[in-house]
Every structure is written in structure tokens, then in C-alpha cells.
Amino acid sequence: MIGAHNWENVDVVLSGINFGANLGNSIWHSGTVAAAKQATLLGLRGIALSMPASRDEPNFDILKPSVQRVLDILLKDPQLALVNVNFPDDRPRGLRWTRQSVRHYDGKVVPGEDPMGRKHFWFSVIPIESTEEGTDRWAVEQGYVSMTPLRLDLTNEKELTAAQVRHPVD
């Protein structure tokens with residue numbers, strides 16, 4: 001927001017590269033994707049860029065060629081207003097256009113305590129379904145860069161239409 005309002009001629013916001021993947025369900029609560037969405041709400045283009053977190057420092061040098069290819073494609077196409085990009089944790093094998101992975105989880109809440117004695121809770125997840133081919137998660141698991149065009153309107157049009165028929169309101 002600050003850059004968009006303080007700089008002149010801003011037409012795209014690059015958010016990231018975030019150190020932590022934003023795949024599948026995680027885009028719902030991703031700050032990296034939220035910044036790209038906010039750009040789109042301002043009438044700008046937004047591109048979220050992420051990579052998996054690991055214990056090692058990220059090696060951005062191995063990503064440079066892929067970052068360049070991704071930006072060459074996305075920046076030249078004004079029709080792509082909001083895109084979520086995820087890089088694999090090793091040298092990418094190539095690029096893939098993907099859809100968002102949606103998986104259900106068997107989650108558990110694990111209570112704990114931090115060093116200051118404050119309570120905290122970890123949410124652990126175990127996927128119930130396997131990863132579907134063609135999704136963002138599948139691409140990154142296979143070593144590809146995932147490029148997922150997103151939209152701001154999350155309305156389920158099919159359910160909306162059905163609800164209007166089943167439950168007419170004034």
C-alpha cells in the first residue's frame with residue numbers, strides 16, 4: 001500500500017520471495033498472497049512469489065534463471081492480474097501452469113508452552129488425500145515452478161444459484 005501510494009507509475013506488485021511455500025490451502029492465510037491480492041484490489045497486478053522453508057539458508061542463485069523466466073512471462077501479459085508462484089527447494093526442472101491444490105487434513109491441536117511460560121498451540125496436519133497432478137503442490141513436489149492464476153471473487157457460483165432456487169428470499 002505504501003509503495004503503491006508513494007511511488008509513481010506503479011503497475012505491478014511483486015510480493016516475496018517468501019521463505020515458506022504458499023501452496024494449496026495455505027494461500028487462504030498467506031500474507032505474501034494477501035499483498036498480491038491487495039495490489040489487485042488497487043487496480044494493479046499482483047504476483048506472489050514463494051519457496052519452501054528449510055533449515056538451510058535459501059539458495060537464491062539456483063532460482064535466478066527460473067525467476068527471470070517467470071517474470072518474463074507474467075510481466076508481459078497484462079491479462080494475468082493475480083498469480084501465485086511457488087519455487088521448489090532445489091534447482092527447478094521447468095515451469096508449470098497449475099491450479100490450486102485443495103486437500104482435506106486430519107488435524108490435531110498440540111498444546112505447548114514457550115520459554116517464557118506462555119501457552120501456545122501448534123496445528124499439525126496429515127493430508128487425507130494424495131496430491132493431484134496438475135496442482136501447485138504436485139508441481140513443486142515434482143521439482144517444477146508452479147504458476148497459479150488466482151481470482152479475487154471466491155463465490156461458488158454453482159452453489160449460489162442452487163441456494164437461490166432452494167431457498168428464495170425477499
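Okay, helices here are DSSP runs of H or I with at least four residues, strands are runs of E with at least two, and both are numbered from the N terminus. What we have is a predicted model, so local features need pLDDT of at least 70 and side-chain atom pairs count only at pLDDT 80 or more, while totals for chains, interfaces and linings use all residues. Residues are numbered from 1 along each chain as its sequence is written, and side-chain values use heavy atoms, with hydrogens and water left out.

Let's start with the backbone. Asn9 sits in the loop between α1 (2-6) and β1. It isn't a glycine, yet Asn9 has a positive phi of about 60 degrees. Asn9 is also exposed, at 74% relative accessibility (exposed is over 50%, buried under 20%, partly exposed in between, with a 1.4 Å probe and protein chains only). Then, in strand β1 (residues 12-19), look at Ile17: the peptide bond into Ile17 from Gly16 is cis, omega near 20 degrees.

Now, the rings. Trp138 and Tyr144 make a stacked aromatic pair, 6.4 Å centre to centre with 15 degrees between planes. For Phe, Tyr and Trp (its six-membered ring), pairing means centres within 6.5 Å; under 30 degrees between planes is stacked, over 60 edge-to-face, the rest tilted. Tyr144 is buried, at 10% relative accessible area. And Arg96 lies over the Tyr144 face, 3.9 Å from the ring centre; the rule there is NZ of Lys or CZ of Arg within 6 Å of the ring centre and within 35 degrees of the ring normal.

Last stop: Val109 is in strand β5 (residues 105-113), and Val109 is exposed at 56%.
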